[in-house]
Amino acid sequence: DHSEFSSVLQNNVVLDKSLNLTRVRYGSFSAEDKKTLKAYIKRLEGTKITQYNRDEQYAYWINLYNAVTVDLVVSNFPVESIKEIGGGFFSGGPWDEKLITVEKKRLTLNDIEHRILRPIWKNPLTHYGVNCASIGCPNLRMEAFTGENVLTALRANAEDYINSPRGVKFEGGALQASKIYNWFAVDFGSSEQAVISHIRQFAAPKLSAKLDAASGIGGYYYDWSLNGAK
């Protein structure tokens, strides 16, 4: 049951239509929402998730990653970027800090993403689910993932991201793409053409037509600025 997290998201996540970006009101979380978020994380920590089916586990790990990330930013707010948390902007951020315990194992955010989600599910759509509290990242949804909606919701997030300039854009006729496709190229097929083929699966007709003329990726970009809402 992820209704607690959905409630927190619905109360604090808003859509910036200019960028098709969801932003989070980190600085104005109510005391009740802070309490609910921490209780939700604690409950997930106490869940024997290995007893659940594969889709339930998938939604669980993505939600846990996102909930812990939101809690981190709320607890350390104000910050300009999540990379400031955990020792400063150039320290590598908070991803290697052991923040949670699941089935008696201490875990970091990197453990969840790189030791659990990526190698177990082997699904490039995972990258559209985990949210690192940055403008350059795919959207944080306004409701939690569930075992029933996780695959459909990931595809919807992929469409939103790829068809926004935060994910893919053309400059001077050259294809530019989010660094996500460079950092995790192996998950998208390893080659530039494989990445372009992945992008084309979710591209709207106008973008798809431009992709037909792209021989490769001219460059990569990413914005680490906080996805906060004023």
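Visitor: Which residues touch the most other members of the largest nonpolar core?

Guide: Quick heads-up: this is a predicted model, where local features need pLDDT of at least 70, side-chain atom pairs count only at pLDDT 80 or more, and totals for chains, interfaces and linings use all residues. Residues are numbered from 1 along each chain as its sequence is written, and side-chain values use heavy atoms, with hydrogens and water left out. A nonpolar core is a set of buried Ala, Val, Leu, Ile, Met, Phe, Trp, Tyr and Cys residues joined through side-chain atoms within 4.5 Å, and buried means under 20% relative accessible area, with exposed over 50% and partly exposed in between (1.4 Å probe, protein chains only). The largest core here has 70 residues, and the ones touching the most other members are W61, L64 and Y181.

Visitor: Which helix gives the largest share of this core?

Guide: Helices (H or I, at least four residues) and strands (E, at least two) are DSSP runs, numbered from the N terminus. With 13 residues in the core, the largest share belongs to residues 54-76, that is, helix 3.

Visitor: Leaving aside neighbours within four places in sequence, what is L64 in contact with?

Guide: Contact just means heavy atoms within 4.5 Å. With those sequence neighbours set aside, the partners of L64 are I41, L44, I100, V102 and I112.

Visitor: What do the buried residues of helix 4 pack against?

Guide: Helix 4 covers residues 109-121, and its buried residues include L109, I112, I116 and W121. Those buried residues pack against helix 3, strand 3 (100-102) and strand 4 (105-107).

Visitor: Is N63 buried or exposed?

Guide: N63 is found in helix 3, and its side chain makes a polar contact with the side chain of H2 (3.3 Å). A polar contact is a pair of N or O atoms within 3.5 Å; within protein, one must be able to donate a hydrogen and the other to accept it, and residues adjacent in sequence count only if both atoms are side-chain atoms. With a relative accessible area of 1%, N63 is buried.

Visitor: How many disulfides does the count come to?

Guide: A disulfide is a pair of cysteine sulfur atoms within 2.5 Å. For C132, the closest cysteine sulfur is in C137, 3.5 Å away, so the two are too far apart for a bond. C132 counts as buried at 10% relative accessibility, and C137 does too, at 4%. The disulfide count comes to 0.

Visitor: How far apart in space are F188 and K48, C-alpha to C-alpha?

Guide: F188 is in the loop between helix 6 and helix 7, and at 5% relative accessibility it counts as buried. Leaving aside neighbours within four places in sequence, its contacts include P124, Y128, Y181 and H198. F188 and K48 are 140 residues apart in sequence, and their C-alpha to C-alpha distance is 31 Å.
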